[in-house]
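Please read them with the coordinates open.

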Amino acid sequence: MPRSHDPDPWLVTPLENFPPPAQWDDWTEYDAKSWPRKVEKRYTLVPTTCFNCEAACGLVAYVDRETMLIRKLEGNPHHPGSRGKNCAKGPATLNQIHDPGRILYPLKRVGPRGSGKFERVSWDHVLDVFAAQIRKAIVEDRRTEVMYHVGRPGHDGYMDRVLQTWGVDGHNSHTNVCSAAARLGYTLWSGADRPSPDHENAKFILLLSSHLETGHYFNPHAQRIIDAKMKGAKLCAIDVRLSNTASLSDYWLAPWPGTESFLLLAMAQVLLKERLFDAKFVETWVNWRDFLKAKRPDRAPTFELFVEELTQHYAKYTPAAAAAECGVAEDVIVAVAREIGKAGSAFAAHIWRNAASGNLGGWQVARCLQFLGVLAGAVGTVGGTNLNVQNKFVAPPFMKPPPQDVWNDLLFPEEWPLAHHEMSFLLPHLMLEGRGKLAAYFTRVYNPVWTNPDGLVWEQVLRDETKIELHAALTPTWNETAQYADYVLPMGHGAERHDLMSQETHAAKWISFRQPVLRVLRERLGEKIEWTHETNPGEVWEEDEFWIALSWRIDPDGSLGIRKYYESPYRKGERITIGEYYQWIFENSVPGLPAEAAKHGLAPLEYMRRHGAYLVATDVYEAHQKQLAEQELAGTEIDQATRTVLKAGKPVGVLADGVARTGFTTPSRRLEIYSATMAEWGWPEYALPAYIESHIHRRHLDRDKGQYALVPTFRLPTLIHTRSGNAKWLYELSNSNPVWMHPEDAARLDVETGDLLRVSTRIGYFVNKVWVTEGMRPGVVACSHHLGRWRLFDDIGTDKWASAKVAKLDLGGGRVRFRRVDDIGPFASSDPDSKRVWWTDGGVHQNLTFPVQPDPVSGMHCWHQRVTVEAAHDDDEYGDVEVDTHKSLEVFREWLALARKGPTPGNLRRPLHFARAVRPSAKAYTKG
Ligand code: SF4
């Protein structure tokens, strides 16, 4: 890229990857659209953070100095996670900002719920209505009736603080349709619920599931995996599909879905049998004495006995047995296991979604994967897999409110005491059972009618004003859920809002600042702005300020004890501004930031406004080795026999190499191969990493009857769940989601690519095209869950770039059919590109046809489906979706019966050492 103002920059200056930061205030470059003419454009560059997936990559907005409009968004070279690079979804933020169909003003429903009729109202009116409703619930001590239900949080802890200032137990998430299972598997080992692989320094990388392009941290991980491969690392992908990642791998293993735990245990068996594990690491850091206490109480506990017993325990998982169970060649299993053993502490592994989130017992897949990392001694090491808490930095804000003293059974019902996150997708089912109602319900970046299984039960409850009295959808754009809300409140995209984020993308801790670009620029030019909606399009607001304004109105005189949390730490008694909120954090909570800012002659807030990100730490490895500080050692004793540091009889550290060290945040302070928690809380059969037969195991499938396992969990790298419908570039790239099928299966059904299939689940069916490909395991079909957006109305419901218009037909007896009445096509709007829409498809929705299938331990929805696949019937049409809502409740009750209410040691609702988002007080954990 040429430097600004050079007479002939292509000849006299070297190429740059990015405009030099010193020139961000006034940067000139040729306008690409004017080529071949050389038309100069002057920009001011303002950094922000992408909001299009969880990775929080850095973006830089190019604001045209003439029009004051954002013209493009590119990578931020200052960002430690993304290092100036983005995937296609980052720059597509521009489409979202300029989407002609976006919601620009607060809207209030004027017809019955779901009638599609709304009118514009003021923010003032919205604040009054919700403040009154929430205040009443708090005053009347109905603290479980205010609920905030979030899909993509996009921040670290802001909303947790808001809810705790209100004293409600009302945080709900999307996590158990996403990652709750994997989190439980990791938590049981180490107390930390997410892995953070150090791909960059690994020698062998094992990715389970369709992870990379479809899972967490796509861009930051992808670039580091490629770096590692360039240095000679090998890559193994375990996936039923030949995904993009699998196609670049040294090993592609496609086991029967649901048998992944078996496959991983077979690798563990090879490591044990061939003594390829790190004995010193395991002896020091694994709670093998607890294993022996449970398994061989008759023998003196020695490490040698443990190795012997462990080897014997897993002896049945031979590569030959795994080959038979999983359908993966024996020699490949052995080869991968040996690669792991060879890589040792430089073995990096990751699982998120897919196998963990698809199967009954999927949480054990994550646990078995981490078993390999533990045996390899690759926990927290250079090139190994770190704990997320080591690679993430959450900066605390001023004045922390106390935890709420209340427990919400709609979030954590007693049937799932070990559920890793809220039982969010069961909310309507639990409400239909009469377990509670909501006075005020906020959905934010959350579209459960479309995203969750059994969406029609969601629709039923969202329409019911006795169950949900007041519902606001906080969203920048229409979606299938927002149309049932009482209020639709437009909130900003990634370049229109403040948030502070950190993600465990690699071996470092960093923070990234999302900011409203036009506000920042106009303030820099000297304008006084009170609220971000003054500079955003229309009256699009940002949540941070909405919650400040709402909380202030809930407690205007401070009598509820809420107002004080929203008073400025700089101006006594006055309402805090959003700038002050982050100013305080950057001045007080981020180590090293004030000094770094000072080097640039900037205040910390201004530094973050100009750089957008800050690297907090790189010394992140092996935190478990940290020595216990003197004050932590006070009152402790060392049990020499078990090499454990005890305080009041409880482990608080580990004696390693003669030094008292912190260890892990498990009850034993060690990595727990044996989980006493599982045994004590009613699941003794799963005290160890184990194989659980999935609900879609092939034993349950009759291929002669056309039964298959459907894997619906993979994402497309170019789309964002339900949030990319407003990004025309992304839909131009990806606009269909055919059913992947192996040629052998296609031959059995006598279908070819493009033919229509009917795919039937237990509660309904969908009709989609088939894509015949050898990149699919025979006997299994797969369909990306990203596509198939639908709208019932012309102008509301979902963006026209992405959605077909459908008619919803009531067939009687609880059966409902959606049928397309209009394909996607050109439409008139302020964007000339809308007349150029050439794609017609938009894909087929499948989640409506899935019943809820809550795992009895982790609470995770088990996404994979047992389906019957056949050629479409004569009266079937592409895109048809039919659901039997009566049957769906039957299936819910079947899965509910698998859960176990007790025992609950100590009369607790949940183990105290298990994480909970927005954690209540210890008192609230106790039943009674
Ligand atoms: S991976 Fe892509 S969508 Fe996700 S934050 Fe980075 S640029 Fe945005």
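1. V918 counts as buried at 7% relative accessibility, where buried means under 20% relative accessible area, exposed over 50% and partly exposed in between, with a 1.4 Å probe and protein chains only. Its phi is near 50 degrees, a positive value in a residue other than glycine. V918 sits in the loop between α29 (885–896) and α30 (922–925); helices here are DSSP runs of H or I with at least four residues, strands are runs of E with at least two, and both are numbered from the N terminus.

2. On provenance: this is a predicted model, in which local features need pLDDT of at least 70 and side-chain atom pairs count only at pLDDT 80 or more, while totals for chains, interfaces and linings use all residues. Residues are numbered from 1 along each chain as its sequence is written, and side-chain values use heavy atoms, with hydrogens and water left out.

3. A648 also deserves a look in the backbone check. It has a positive phi of about 50 degrees although it is not a glycine. Is A648 buried or exposed? A648 is exposed, with a relative accessible area of 80%. Its place is the loop between β22 (644–647) and β23 (650–656).

4. The bond from W35 to P36 is cis, with omega near 10 degrees. P36 belongs to the loop between β1 (27–30) and β2 (40–49).

5. The largest nonpolar core has 150 residues, and M267 and F306 have the most contacts inside it. Such a core is a set of buried Ala, Val, Leu, Ile, Met, Phe, Trp, Tyr and Cys residues joined through side-chain atoms within 4.5 Å. Helix α9 (residues 260–273) gives the most to this core, with 10 residues. Another core lies apart from it and has 59 residues, including M491, F513, Y566 and A597. As a general matter, nonpolar side chains in soluble globular proteins tend to be buried together.

6. Which residues does M267 contact, leaving aside its neighbours within four places in sequence? They are I238, L253, I333, V336, A337, I340 and L372, contact meaning heavy atoms within 4.5 Å.

7. α9 and α13 pack at an angle of about 170 degrees, with their axes 9 Å apart. Axes are lines fitted to C-alpha atoms, for helices over the stretch in contact, and angles run from 0 to 180 degrees between N-to-C directions. The two helices are therefore roughly antiparallel to each other; angles under 35 degrees count as roughly parallel, over 145 as roughly antiparallel, 65 to 115 as roughly perpendicular and the rest as oblique. F262, L263, A266, Q269 and V270 in α9 meet P319, A321, A322, E325 and C326 in α13. By class, this contact has 8 nonpolar, 1 polar and 1 charged residues; Ala, Val, Leu, Ile, Met, Phe, Trp, Tyr, Cys and Pro count as nonpolar, Asp, Glu, Lys and Arg as charged, and the others, Gly among them, as polar.

8. Helix α13 (residues 319–326) also packs on helix α14 (residues 330–343), at an angle of about 120 degrees and with axes 8 Å apart. That makes α13 oblique to α14. P319, A320, A322 and A323 in α13 meet E330, I333 and V334 in α14. The residues of this contact divide into 6 nonpolar, no polar and 1 charged.

9. Helix α5 (residues 180–190) and helix α16 (residues 363–375) pack at about 40 degrees, with their axes 7 Å apart. That makes α5 oblique to α16. The α5 side of the contact includes L184, Y186 and W189, and the α16 side includes W363, R367 and F371. The contact residues are 11 nonpolar, 2 polar and 1 charged.

10. Two buried loop residues remain. F425, in the loop between β14 (385–387) and α17 (427–432), has a relative accessible area of 0%. Its contacts beyond four places in sequence include N176, W458, V852 and M860. L848, in the loop between β32 (815–822) and β33 (865–871), counts as buried at 1% relative accessibility. Among the residues that L848 touches, not counting those up to four places away in sequence, are V449, I763, W790 and F818.
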